[in-house]
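Colleague: I'd like to learn how to read the packing in a model like this one. Could you take me through it step by step?

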Amino acid sequence: MVSRRRSPPPLTAIFPLLLLLLYSAHSFYLPGVAPEDFYKGDELKVKVNKLTSIKTQLPYSYYSLPYCRPGKIVDSTENLGEVLRGDRIENSPYVFNMREPKMCNIVCKRPVDAKTAKEFKEKIDDEYRVNMILDNLPLVVPIQRLDQESPTVYQLGYHVGLKGLYSGTKEEKYFIHNHLSFTVRYHRDSQTESARIVGFEVKPFSVKHEYEGKWNDEKTRLTTCDPHAKHTVVNSNTPQEVEEKNEVIFTYDVDFQESDVKWASRWDAYLLMTDDQIHWFSIVNSLMIVLFLSGMVAMIMLRTLYRDISKYNELETQEEAQEETGWKLVHGDVFRPPLNSDLLCVYAGTGVQFFGMILVTMIFAVLGFLSPSNRGGLMTAMLLVWVFMGLLAGYSSARLYKMFKGTEWKKIALRTALMFPGIVSAIFFVLNALIWGQKSSGAVPFGTMFALVFLWFGISVPLVFCGAYIGFRKPAIEDPVKTNKIPRQIPEQPWYMNPAFSILIGGILPFGAVFIELFFILTSIWLNQFYYIFGFLFLVFVILLITCAEITVVLCYFQLCSEDYQWWWRAYLTSGSSALYLFLYATFYFFTKLEITKTVSAILYFGYMFIASYAFFVLTGTIGFYACLWFTRLIYSSVKID
C-alpha cells in the first residue's frame with residue numbers, strides 16, 4: 001500500500017506508479033455482482049438482451065422478432081447506463097438445470113406469415129445478432145482460428161440467420177438459426193460439490209425439423225435430431241428457410257463442461273481480445289512526442305527565459321528598455337481581458353468539469369470498480385460524476401470571471417450550467433427522435449429522459465451556482481503586472497504566426513498522442529467489443545494532459561515574443577483544435593472500418609461523434625488555457641517592471 005505524502009512526488013516517482021496502475025487493470029478485478037453457487041439440478045434461467053448490428057447501430061428488443069416467448073415476459077431492473085445503451089434484459093423460455101444435459105429440447109413452433117418472414121429477412125440482411133445472458137455472463141460464439149496455436153476468438157451473440165445459395169439455385173435464400181447448441185462451463189468446488197458458472201457459449205444451426213404424427217408441443221418426437229445421443233446430432237441436411245407459409249420449430253441442446261477457469265477470471269476471455277504490443281506502441285509513440293515537447297519547454301524555461309529575465313532585470317535606463325524587443329514589451333497588455341471573456345469563462349469552467357469527471361471515472365475504472373460485469377456502470381458513473389463536478393465548474397468560471405473584473409456572477413453561473421449541456425441535449429434529442437422513429441430499443445424512454453433532466457436541473461445547476469458563489473466570494477486573482485489604459489498596437493506578424501495556422505499546427509501533436517488508442521475506443525463503441533484496458537487509457541490521458549499543456553506554452557511563448565498579447569483565446573484554441581482532427585479521424589474510420597449503409601445510422605454516428613469531438617475540444621482547450629495562464633503569470637512575475 002502506498003502512503004500519501006504532503007509534498008508533491010517527483011516525476012521519477014510518478015512514472016512507476018502509472019505503470020503499477022497500468023498492470024492493475026489486468027490483475028485486479030472487482031466484479032459487479034457477488035458469485036453465485038449452484039448445485040446439481042439447480043435451475044438456471046437464461047435472460048435475453050437486445051438484438052445488435054454493427055451495420056445499423058440500432059438495437060432492438062429480443063421480442064421485437066416473433067421468437068418463442070415465456071408465459072409472462074418480465075423486464076429486469078436496469079441502471080441508467082444500461083437504458084442509454086439500449087439494453088433490454090428480459091426472461092426467456094430457455095431454462096436449464098445445473099449439470100443436467102438436455103438434447104433436442106423443443107421450445108415452440110412458430111408459423112411464418114408474410115409479416116414474420118419480412119421481419120426476419122430484414123434482420124438477417126442487416127446482420128443482427130442475438131444477445132443472451134446467463135449468471136451475468138454474455139453469450140458468445142467460439143470461433144477457432146486456422147492457426148491452431150492461436151487462442152479461440154469469441155464473438156458476442158449469434159446471428160439471427162444467414163443468407164446464401166442452396167441446392168444449386170442462383171437465387172439467394174434466407175435461413176434462420178432455430179437450433180441452439182449451448183455449452184455451459186463451470187468450475188466445481190471439490191469440497192462442497194457446488195459449482196460456479198465461468199462460460200456461456202453457443203453454436204447456432206439452421207435445421208428444418210420434421211416430426212412424427214401430430215404436433216403435441218414439447219412432447220412431439222422429432223425425426224431430425226436424436227435426444228438420446230451423447231452429443232448433438234442433427235440428422236437433417238436441409239436448413240430452415242424463412243418463407244411465407246412455412247413453420248419454424250425452435251429447439252436447443254445444453255451441455256455442461258467442467259473448467260479449470262476460476263470464477264474471478266471468467267471475464268478474461270472477453271477482455272483479453274486485443275494485442276498489448278499495439279498499446280505499448282501507442283504509449284511509446286506518445287512518449288516520444290512528450291519528450292520532444294518537454295525538451296522544447298525546458299529549453300525555453302531554463303535557457304531562453306532565464307537569459308531574458310536576467311537581461312531585462314539588468315537594464316538600468318528606459319532608453320535601453322525601449323531598444324529591447326520580445327515578450328517583456330507587452331507586459332502592460334498581456335493581462336488585458338480578451339473579447340468575449342464571459343464565454344471564455346464558461347468554456348474554462350465546463351472544461352474543468354470534464355477534467356474532474358474523466359479523472360475520477362478513470363481512477364475507479366483502473367481500480368476495477370467499473371468492470372464489464374457491471375453493465376452500464378461506466379456510463380452511469382460518468383453521468384453522476386459529471387453532475388457532481390458542477391461544483392468545480394461554477395467555482396472555476398466565477399474565479400476567472402472575477403479576475404476579468406466581472407460583477408454579475410449569477411449570469412456567468414447560469415451560462416456555465418446551461419450552455420454545454422444545452423447544446424448536447426439538443427443534439428441528443430434530435431438523434432433520439434430519429435431512433436424513436438425506427439422503433440429501436442436504443443430510444444431513451446420518457447422516464448429515463450425525466451431522470452436526466454432531474455440530474456441536470458435538480459443537482460448539476462444548483463451545484464454550479466453553489467460553486468460560483470464560493471468562487472466569487474474569494475479575493476480576485478491579482479495580475480503580476482499592471483495593465484495599461486491604452487492598448488498597445490500589435491506589429492505585423494510573420495506568416496507562421498498567423499492565428500489559424502498556429503492553432504491548426506498546435507492540435508496535431510495532442511491528437512497524435514492519442515490516435516492509436518482512439519482506434520480501440522471507436523472499435524469498442526461501434527463494433528460491439530469490450531474495452532477494459534483502462535490502465536493504458538489512464539497513461540494515455542496523462543500524456544495527453546502533458547502534451548496539451550506543453551504545446552500551448554511553446555506556441556504562446558512564440559506569440560508573446562512576436563509582441564502579440566492576445567493569447568487568451570488562442571491558448572484555448574491551440575490545444576482544443578485537436579478535436580477537429582479527432583472528428584476527421586472519426587470520418588476516416590466511418591468510411592474504412594464500418595459497413596453502415598442506412599442514412600439514419602450514418603446520422604447517428606456523426607451526431608454522437610460530433611458530441612464526443614465537442615467534449616474533447618472543451619477538455620483539451622481548457623488544459624492548454626490553464627497551462628498558458630500559469631506560464632504567463634510565472635514569467636511576468638519574474639521580471640522587474642517600473
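Colleague: Let's begin with Phe-96: which residues does Phe-96 touch, leaving out those up to four places away in sequence?

Modeller: Keep in mind that this is a predicted model. Setting aside residues up to four places away in sequence, Phe-96 touches Asp-42, Glu-43, Leu-44, Val-46 and Lys-102, and also Leu-134, Phe-182, Val-184, Phe-200, Tyr-252, Val-254 and Phe-256.

Colleague: Let's turn to helix pairs. At what angle do H9 and H16 pack, and how far apart are their axes?

Modeller: The general idea is to look at angle and axis distance together, then at the residues in between. Helix H9, residues 390–403, packs against helix H16, residues 599–636, at about 40°, and their axes are 14 Å apart. The two helices are therefore oblique to each other. H9 passes H16 in a left-handed crossing.

Colleague: Which residues make the contact?

Modeller: From H9 come Ser-396, Leu-400 and Met-403, and from H16 come Phe-625, Tyr-626 and Leu-629. By class, this contact of H9 with H16 has 5 nonpolar residues, 1 polar and no charged ones.

Colleague: What about H12 and H14: how far apart are their axes?

Modeller: Helix H12 (residues 499–526) and helix H14 (residues 568–576) have axes 6 Å apart and pack at an angle of about 40°. That makes H12 oblique to H14. Pro-499, Ser-502, Ile-503, Gly-506 and Gly-507 of H12 meet Arg-570, Leu-573 and Thr-574 of H14. The contact of H12 with H14 divides into 3 nonpolar, 4 polar and 1 charged residues.

Colleague: Now for the whole chain: how many helices and strands are there?

Modeller: The protein has 16 helices and 13 strands. Of its 642 residues, 50% are buried. For the contacts, look at sequence separation: among those with a separation of 6 or more, 81% join residues 24 or more positions apart.

Note on methods:
Residues are numbered from 1 along each chain as its sequence is written. This is a predicted model: local features need pLDDT of at least 70, side-chain atom pairs count only at pLDDT 80 or more; totals for chains, interfaces and linings use all residues. Side-chain values use heavy atoms; hydrogens and water are left out. Axes are lines fitted to C-alpha atoms, for helices over the stretch in contact, and angles run from 0 to 180 degrees between N-to-C directions. Helices (H or I, at least four residues) and strands (E, at least two) are DSSP runs, numbered from the N terminus. Angles under 35 degrees count as roughly parallel, over 145 as roughly antiparallel, 65 to 115 as roughly perpendicular and the rest as oblique. A crossing is left-handed if the near helix is turned anticlockwise from the far one by less than a right angle, and right-handed if clockwise. Contact means heavy atoms within 4.5 Å. Ala, Val, Leu, Ile, Met, Phe, Trp, Tyr, Cys and Pro count as nonpolar, Asp, Glu, Lys and Arg as charged, and the others, Gly among them, as polar. Buried means under 20% relative accessible area, exposed over 50%, partly exposed in between (1.4 Å probe, protein chains only).
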